[in-house]
Amino acid sequence: MKTKFFLLIGIFPLALTACGGDDNGDDPTKPLDNATISFTKMANCPDAEVDQAIVWKGAIYYVNRTSFLRYTPAKNEWQSLAPAPSTNLFVWQDKLYCFYNSSDKQIYVYADTTDSWEIADDIPIFNEDGNRTNGIYKAGNKLFADISCGSYYTYHVYLPESKQWKNLKQNLNFDFLQYACQIGDKVYYNTSLAIFQFDPESCITTQKLSISRPSYSTGGKLAVCSYNPQQMLYTLSGGKNGDYRVTTGIYTPSTNEYSEKVFGNNPHGLTEVTIADIPMAINLLTYFDGRFFVGPNNAAFYELKIK
């Protein structure tokens, strides 16, 4: 079997590893001591920054408070779409939804044929006197909502068979989803110094391992995504004015192992830092059909490659 190289880039630390064998994810994570990374300039994003990226129907959709954009990798083209009601997007049963946390609280579904947002009638809003839905999140194959009543919070899971929300009667925090990816039926996320597993069925979070790294590679922006169905990729990056550094890493859940490598424009005398032409700090990483897209960061947008 051929050896395959894996890389991750994003707001998280980036990992570089080789995985040999039959590609079933059971091989141990191995370091890529001789790996190199490169960035290919793509068409600039119409907006300087975005809040969320989501893959749906052969394209990547990016959203912020004023814009909703579609990037088509096959054409390297951006298209401005009808603004989304909010930045709380999620894909559920092949449809793209948006939860609008306003006074009238609504869930909208995007109609790509007419480029419009319509009130969804297949997912009800949890609505009881004195309760407020703050957000709806997809983790694994389930939808969760956090509900507040004054200073008291409850967390609910959606039951599609009965179209009802069930109180889980336990505390959860879904902030981790911005640094997470799904592998199998579990969700894995990175906190820059540790990797955790969230089980959507039991709603139990387990720390899988701690990450130890030298001081020169601990800071920066964190990002994460899947490389393939068996592995998680992550990056930590920072710097300015053409002097950037990226700690790259990959995590394999089946063996509970990770590997990292550090790249920089200028090693500053550190032999552990491999020289690479890094055009910007990595503020967002999106995986799409075997490709990695970085940004937009001040409208700049790149494809990341590893050899």
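A residue counts as buried when its relative accessible area is under 20%. By that cut-off E303, at 8% relative accessibility, is buried. The model discussed here is predicted.

**Aromatic contacts**

- The count of aromatic pairs comes to 29.
- One of them joins W56 and Y110 in an edge-to-face arrangement, with 6.2 Å from centre to centre and 70° between the planes.
- Because W56 belongs to strand 5 (residues 52–56) and Y110 to strand 11 (residues 106–111), this pair ties together parts that are 54 residues apart in sequence.
- Both W56 and Y110 are buried.
- F176 and Y189 form a stacked pair, their centres 4.4 Å apart and their planes at 25°.
- F176 lies in the loop between strand 16 (164–167) and strand 17 (180–183), whereas Y189 lies in strand 18 (residues 186–190), so the contact ties together parts that are 13 residues apart in sequence.
- F176 has a relative accessible area of 11% and is therefore buried, the cut-off being under 20%.
- Y189 is likewise buried, with a relative accessible area of 11%.
- F176 and Y189 also belong to one aromatic cluster, together with Y137, F144, Y155, F174, F196 and F198.
- In a contact between a charge and a ring, the charged end of K41 sits over the ring of Y302, 5.5 Å from the ring centre.

- Strand 19 (residues 194–199) is largely enclosed by the rest of the structure, because six of its six residues are buried.
- In a regular strand, side chains alternate between the two faces of the sheet.
- Strand 19 is covered on both faces: A194, F196 and F198 are buried on one side, and I195, Q197 and D199 are buried on the other.
- Strand 18 pairs with strand 19 in the antiparallel sense over four bridges.
- Within this pairing, Y189 has F196 of strand 19 as its bridge partner; Y189 and F196 are both members of the aromatic cluster.
- The hairpin of strand 18 and strand 19 has three residues between the strands, and S192 in this hairpin takes a positive phi near 80°.
- Strand 19 also pairs with strand 20 (residues 204–210), in the antiparallel sense and over six bridges.
- Here the bridge partner of F198 is T205 in strand 20.
- Four residues lie between the strands in the hairpin of strand 19 and strand 20, where C203 takes a positive phi near 60°.

**Salt bridges**

- Side chains of opposite charge can pair when their charged atoms come close.
- Six salt bridges are present in the structure.
- One of them joins K95 and D122, whose closest N and O atoms are 3.5 Å apart.
- This bridge links distant parts of the chain, since K95 is in strand 10 (residues 95–100) and D122 is in the loop between strand 12 (116–119) and strand 13 (132–139), 27 residues apart.
- K95 is partly exposed, with 39% relative accessibility.
- K186 and D185 form a salt bridge with an N to O distance of 3.0 Å, and D185 is partly exposed with a relative accessible area of 46%.
- R291 and E303 also meet through their side chains in a salt bridge, at 2.8 Å from N to O.
- R291 is in strand 27 (residues 291–297) and E303 in strand 28 (residues 300–306), so this bridge ties together parts that are 12 residues apart in sequence.
- R291 is partly exposed, with a relative accessible area of 25%, whereas E303 is buried at 8% relative accessibility.

Key: Residues numbered from 1 in each chain as written. Heavy atoms only, no water. Phe/Tyr/Trp six-rings, centres within 6.5 Å; stacked < 30°, edge-to-face > 60°. Helix = DSSP H or I, 4+ residues; strand = E, 2+ residues; numbered from the N terminus. Buried < 20%, exposed > 50% of the residue type's maximum accessible area, 1.4 Å probe, protein only. Lys NZ or Arg CZ within 6 Å of the ring centre and 35° of its normal. Pairing = 2+ DSSP bridges. Salt bridge = Lys/Arg side-chain N within 4 Å of Asp/Glu carboxyl O.
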